[in-house]
Amino acid sequence: MVNPRLAAPPSPIRDRAEVSEEVKQIVAERAGRPAVRIKETDSLEQDLGLDSLDQVEIVMEVEEEFDLHVPDEVANRARTVGGIVDGVMSLLESARDDTP
Amino acid sequence: MAKTGKSLVDCKRVELDGVRYVIVRESVFQRLCEQAGVSSGEAGVEEPEFSSGVGLDRTSLAEKLVRRRLAAGLSQAELARRAGIRPETLNRIERGRTTPDFATVRKLVVAMNAAERQLAASATRLPKKKGD
């Protein structure tokens, strides 16, 4: 038995590693350090010293980069770099599910 | 509309122990504080507290917001109006008295970005100097 959705041709969706790299790039610019030194486990506030203004601007850049809207409650939950990546991944997935 | 003409601030820059400071006359400092809608406090008394993480975020957020707002050429009241938040709320945020939630900061950033773009657009519309 094959789920027709799984059998559909792969969408141009980016995989997690790619999303992670792009998010790190955006975060790195705000944090003023090279992207290679950003880890997914880094806390935006404690490890990277990013305040809520920085965090809002990161989310807005992420929205532009991935062409999606990040709801405020999703953004609020993201405390780490990996948290942003997870949020983007689930938003990209639900966007793909909504467009057959 | 917000004023776009910038006047020069009479100041001196000094470096002490590798930290750069800007010295301005007290009257100028007070005028700037007034324009920024922040309290000037007692002269030389208020040293920033770097011990608490939350306090640090609030201070840095407050200062950055004020700088961004002024760069966008907006008064506190005008930014509050454009962002759709109460002026008293913005005033409390800019004084570091309250930590705004994500939604509020986003409204402020969107309003400031729009004002900055307007400012940039009006600057490029200025007539060019002839025969440079």
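Analyst: Start with chain A: among its contacts (heavy atoms within 4.5 Å) between residues at least 6 apart in sequence, 61% join residues at least 24 apart. This is a predicted model, where local features need pLDDT of at least 70, side-chain atom pairs count only at pLDDT 80 or more, and totals for chains, interfaces and linings use all residues. Residues are numbered from 1 along each chain as its sequence is written, chains are lettered from A and ligands numbered from 1 in written order, and side-chain values use heavy atoms, without hydrogens or water.

Chain A has 5 helices and 0 strands. Helices are DSSP runs of H or I with at least four residues, strands are E runs of at least two, and both are numbered from the N terminus. Along the sequence, chain A reads α-α-α-α-α. Of its 100 residues, 42% are buried. Buried means under 20% relative accessible area, exposed means over 50%, and partly exposed lies in between (1.4 Å probe, protein chains only). The accessible surface of chain A is about 6100 Å², and carbon and sulfur atoms hold 51% of that. Such areas come from the Shrake-Rupley method with a 1.4 Å probe, and for residues only the protein chains shown count as cover.

Now chain B. It has 5 helices and 2 strands. Its pattern is β-β-α-α-α-α-α. Here 24% of the 132 residues are buried. Take its contacts with a separation of 6 or more: 57% involve residues 24 or more positions apart.

Next, the contact itself. Chain B gives 13 residues to it, and chain A gives 16 residues. The buried area between them is about 1300 Å², and carbon and sulfur atoms give 59% of it. Buried area is the accessible area (1.4 Å probe) that two parts lose on being put together, summed over both. A salt bridge is a side-chain nitrogen of Lys or Arg within 4 Å of a carboxyl oxygen of Asp or Glu. Across the interface there are also 6 residue pairs in polar contact, both residues at pLDDT 80 or more. On the side of chain B that touches chain A, helix H2 (53-71) and H5 of chain B are the elements that give two or more residues. H5 of chain B gives the most, with 7 residues. A polar contact is a pair of N or O atoms within 3.5 Å; within protein, one must be able to donate a hydrogen and the other to accept it, and residues adjacent in sequence count only if both atoms are side-chain atoms.

Look at one residue closely. B:Arg106 sits in helix H5 (residues 102-124) of chain B. B:Arg106 counts as buried because its relative accessibility is 11%. Set aside its neighbours within four places in sequence. B:Arg106 then touches A:Val56, A:Val59, A:Met60, A:Glu63, A:His69, A:Val70 and A:Asp72. With A:Asp72, B:Arg106 makes a salt bridge, and the closest N and O atoms are 3.0 Å apart.

A second bridge joins A:Glu57 and B:Arg68, with the closest N and O atoms 3.1 Å apart. That pair crosses between chains, from helix H3 of chain A to helix H2 of chain B. A:Glu57 and B:Arg68 are both buried.

Compare some bridges within single chains. A:Arg16 and A:Glu40 form one, their closest N and O atoms 2.9 Å apart. A:Arg16 is in helix H2 (residues 16-31) of chain A and A:Glu40 in the loop between H2 and helix H3 (52-66), so this pair ties together parts 24 residues apart in sequence. A:Arg16 is partly exposed, at 32% relative accessible area. A:Glu40 is partly exposed as well, at 24%. In chain B, B:Arg86 pairs with B:Glu88, the closest N and O atoms being 2.8 Å apart. B:Arg86 counts as exposed because its relative accessibility is 55%. B:Glu88, at 42%, counts as partly exposed.

Some bridges share partners. These link A:Arg30, A:Glu57, A:Glu61, B:Arg68 and B:Glu116 into one network. Over all chains, the structure holds 15 salt bridges.
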